Amino acid sequence: MKKENKYITTPIYYVNDHPHIGHAYTTIIADVLARYYRDKLGDENVYFLTGTDEHGLKIAESAKEKGINPQEFTDIISAEFEESWKNLNISNNNFIRTSSEKHKRIVGDVLLKLKNSKTPNANDVIYEADYEGLYCVGCEKFINESELVDGCCPDHNRKPEKLKEKNWFFNLKDFLPIIKEKIESNELEIYPKTRKNEVLGLIDKQDLPDFSISRSVKSVPWGIDLPWDDKQKCYVWVDALLNYITAIDYPGGENFKKFWPADIQLIALDILKFHAIFWPAILIALDLPLPKRLAIHGFFTIDGKKMSKTLGNVVNPNDLVDKYGADATKYLILSQFGFGSESDINVSEFSAKYKADLVNGLGNLVNRVTNMVQNYLNGKIDIKLKESDLVKDVSEKIENLNFREALLKIWESIKYLNSLIDEKKPWELAKIENEKENLKNILQDLVLGLYNIAISLKSFMPVKSNEIVKILMSEKIVKPETPIFPRLN
Ligand code: ME8
């Protein structure tokens, strides 16, 4: 029986691109969940993995453009991802790089194991065959003629290349009935349900071809060796998916024994098929349990447009952190839209939202409450600070991946307390002798309310939450010298 612990993963990001707000969104969500569960289950019972996907033609081409070798290139961009997550105060336990020796070694072992395995129908899992098709380097996958728009891949706006080569294939067909059963029964939960239905629809259409697990060294020289065929390299998606188990030392490592199967694998819908069909097939072939939950969020646009270098609307998370700080950046991103929806991020509204919700909302509430307690109660309150229904409600929302709703709930509470101050006017009560008791009660209620707001924000804004809690729990409450959320210049 698996112990009560949580293994949380993000996709590993391609290093042909610099870290942007899309990668940040998934990583921030994983961070919120990891922090939430660490608080609930203890630090040692949560493992949060992210990292970078470093092989394949796309990466090799990008390195070539820069005139450096692929390893040097991936070292540079992978470090950018690590740096961005550090700036955002992301609490990952591990950062996996697929060009690391350990990952390559375990992938080699897994490939051999698959090569020696049988499907549920007693066929070989891996077989050799010719493949001829159109390959989109942008997607790192073969693409059907019918998917093309004006002869180009619609996602990358580039012409696919005609490839004919001998490849090793994974017999996906034999695994589809079991995968279907496991998804239907929620043994592998695909969330939200619309995505689950989409995957089941794909399986039912019965035109999912077997996928190739290798590429000819001639066409893709930058990859992991296929142990039994030196003319082939491992297909980058197989290499990439295996990160979720190599990072925790499959097959014998302590972390693997403790944390597999993953509890929640976060992705956007662009990579649903790989995670909901290919990945389960590989795991079943390895005789491993499937992840418990695959959670798919929408692919968002920026100010109404698809993010692209040509449009120049790619948002770099470091710029946001420089301007707003890590905690505020997380708030601004997560409060934009609900988890499952396809949506838009209004970066142009961020500074107005920062001012309204953080400077004038939460920041001002902290100033007002602490200032009044300092002035009218000499900084002393005599109540025990205990958790309220708000904390319970927010916890439930986090567990159900309703991050935006959780934040909306917290901000309702902030608005309510600010309006309570306006209505009760404690500064007037302070002038009336027989209102002292009433004033004290109101201020104590405000402190308690603010304390619960701070506790509810713990997983979202760990630093700011801690600052507020510290002020409220100190021997003598005083207004902070510098505002919790400074005004923008
Ligand atoms: O696909 N909206 O890497 P990738 C929402 N290496 N999320 C977005 C986004 C957007 N506009 N843009 C990116 C790969 N993302 C593979 C994954 S995993 C074994 C291998 C996020 O760099 C989202 O999580 O293209 C999406 O699934 C992921 O970045 C794709 O990152």
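Colleague: What should I know before I start?

Modeller: The model is predicted, so local features need pLDDT of at least 70 and side-chain atom pairs count only at pLDDT 80 or more, while totals for chains, interfaces and linings use all residues. Residues are numbered from 1 along each chain as its sequence is written, and side-chain values use heavy atoms, with hydrogens and water left out.

Colleague: At what angle do H14 and H15 pack?

Modeller: Helices are DSSP runs of H or I, at least four residues, numbered from the N terminus. Axes are lines fitted to C-alpha atoms over the stretch in contact, and angles run from 0 to 180 degrees between N-to-C directions. Here H14 (residues 389–399) and H15 (residues 403–424) pack at about 160°, with axes 8 Å apart. That makes H14 roughly antiparallel to H15, a term for angles over 145 degrees.

Colleague: Which residues of H14 and H15 make the contact?

Modeller: Contact means heavy atoms within 4.5 Å. From H14 come Leu390, Asp393, Val394, Lys397 and Ile398; from H15 come Phe403, Glu405, Ala406, Lys409, Ile410 and Ser413. By class there are six nonpolar, one polar and four charged residues. Ala, Val, Leu, Ile, Met, Phe, Trp, Tyr, Cys and Pro count as nonpolar, Asp, Glu, Lys and Arg as charged, and the others, Gly among them, as polar.

Colleague: What span should H15 have?

Modeller: The expected span is 1.5 Å times one less than the number of residues. For the 22 residues of H15 that gives 32 Å, and its end C-alpha atoms are 32 Å apart, which agrees.

Colleague: Which residues of H15 are buried?

Modeller: Buried means under 20% relative accessible area (1.4 Å probe, protein chains only). Among the buried residues of H15 are Phe403, Leu407, Ile410, Trp411, Ile414 and Leu417. An α-helix has 3.6 residues a turn, so residues three or four places apart point the same way. The buried residues of H15 pack against H1, H12, H13, H14, H16 and H17.

Colleague: Is Leu439 buried or exposed?

Modeller: At 2% relative accessibility, Leu439 counts as buried. Leu439 lies in H17 and, leaving aside neighbours within four places in sequence, is in contact with Tyr376, Pro426, Leu429 and Ala430.

Colleague: How do H13 and H17 cross?

Modeller: Their axes come within 10 Å and cross at roughly 145°. The residues in that contact include Tyr376 of H13 and Leu439 of H17. By class, the contact has 13 nonpolar, no polar and no charged residues.

Terms used:
Helix = DSSP H or I, 4+ residues; strand = E, 2+ residues; numbered from the N terminus. Parallel < 35°, antiparallel > 145°, perpendicular 65-115°, else oblique. Buried < 20%, exposed > 50% of the residue type's maximum accessible area, 1.4 Å probe, protein only.
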